[in-house]
Amino acid sequence: MPTIAIVGAGSGLGQSIAKTFGGNGFSVALVSRTQSKLDALAAELGQAGVDAAGFAADVMDRASLVDAFARIK
């Protein structure tokens with residue numbers, strides 16, 4: 001199954017992108033700074049039938065971003 005990573009995921013545009021791609025067979029990796037918000041968004045997407053998981057990282061912190069993408073793989 002292909003995977004899309006949405007960096008800066010949130011309840012607006014990120015959620016819309018996740019629903020669109022998730023509805024077309026993609027797994028969705030959500031990346032933003034706050035794990036609790038990511039968990040809530042992933043749960044909401046899961047209720048809509050989208051395979052989604054959250055990975056906390058700060059794009060201004062290269063090490064945390066590299067770690068998040070390693071976990072996504």
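Trainee: How many of the residues of E2 are buried?
Mentor: Keep in mind that this is a predicted model. A residue counts as buried when its relative accessible area is under 20%. Strand E2 covers residues 27-32, and it is mostly covered, the number of buried residues being six of six.

Trainee: Which residues of E2 are buried on each of its sides?
Mentor: In a regular strand, side chains alternate between the two faces of the sheet. Here both faces of E2 are covered. One side has Ser 27, Ala 29 and Val 31, and the other has Val 28, Leu 30 and Ser 32.

Trainee: Is Ser 32 buried or exposed?
Mentor: Ser 32 belongs to strand E2. Leaving aside residues up to four places away in sequence, it touches Gly 8, Ala 9, Leu 38, Phe 55, Ala 56 and Ala 57. Its relative accessibility is 16%, so Ser 32 counts as buried.

Trainee: Within what arc do the buried residues of H1 fall?
Mentor: Helix H1 spans residues 13-22, and its buried residues are Gly 14, Gln 15, Ala 18 and Gly 22. Looking down the axis of H1, you would see these buried residues line one face of the helix, because they fall within an arc of 95°.

Trainee: Which residues make the nonpolar surface patch?
Mentor: One member, Val 7, lies in strand E1. Val 7 is partly exposed, with a relative accessible area of 42%. The patch is about 400 Å², and it is made by Val 7, Val 59, Met 60 and Phe 69.

Trainee: Which side chains meet in a salt bridge?
Mentor: Side chains of opposite charge can pair when their charged atoms come close. The structure holds one salt bridge, and both partners lie in helix H3 (residues 62-72), four residues apart, about one turn of the helix. With a distance of 3.1 Å from N to O, the pair is Arg 71 and Asp 67.

Terms used
Residues numbered from 1 in each chain as written. Predicted model: local features only at pLDDT ≥ 70, side-chain atom pairs only at ≥ 80, totals over all residues. Heavy atoms only, no water. Buried < 20%, exposed > 50% of the residue type's maximum accessible area, 1.4 Å probe, protein only. Helix = DSSP H or I, 4+ residues; strand = E, 2+ residues; numbered from the N terminus. Arc of directions from axis to C-beta. Contact = heavy atoms within 4.5 Å. Patch = residues over 30% accessible without salt bridge, like charges linked within 9 Å, V, L, I, M, F, W, Y side chains within 5 Å. Areas by Shrake-Rupley, 256 points an atom, 1.4 Å probe, with all protein chains shown as cover. Salt bridge = Lys/Arg side-chain N within 4 Å of Asp/Glu carboxyl O.
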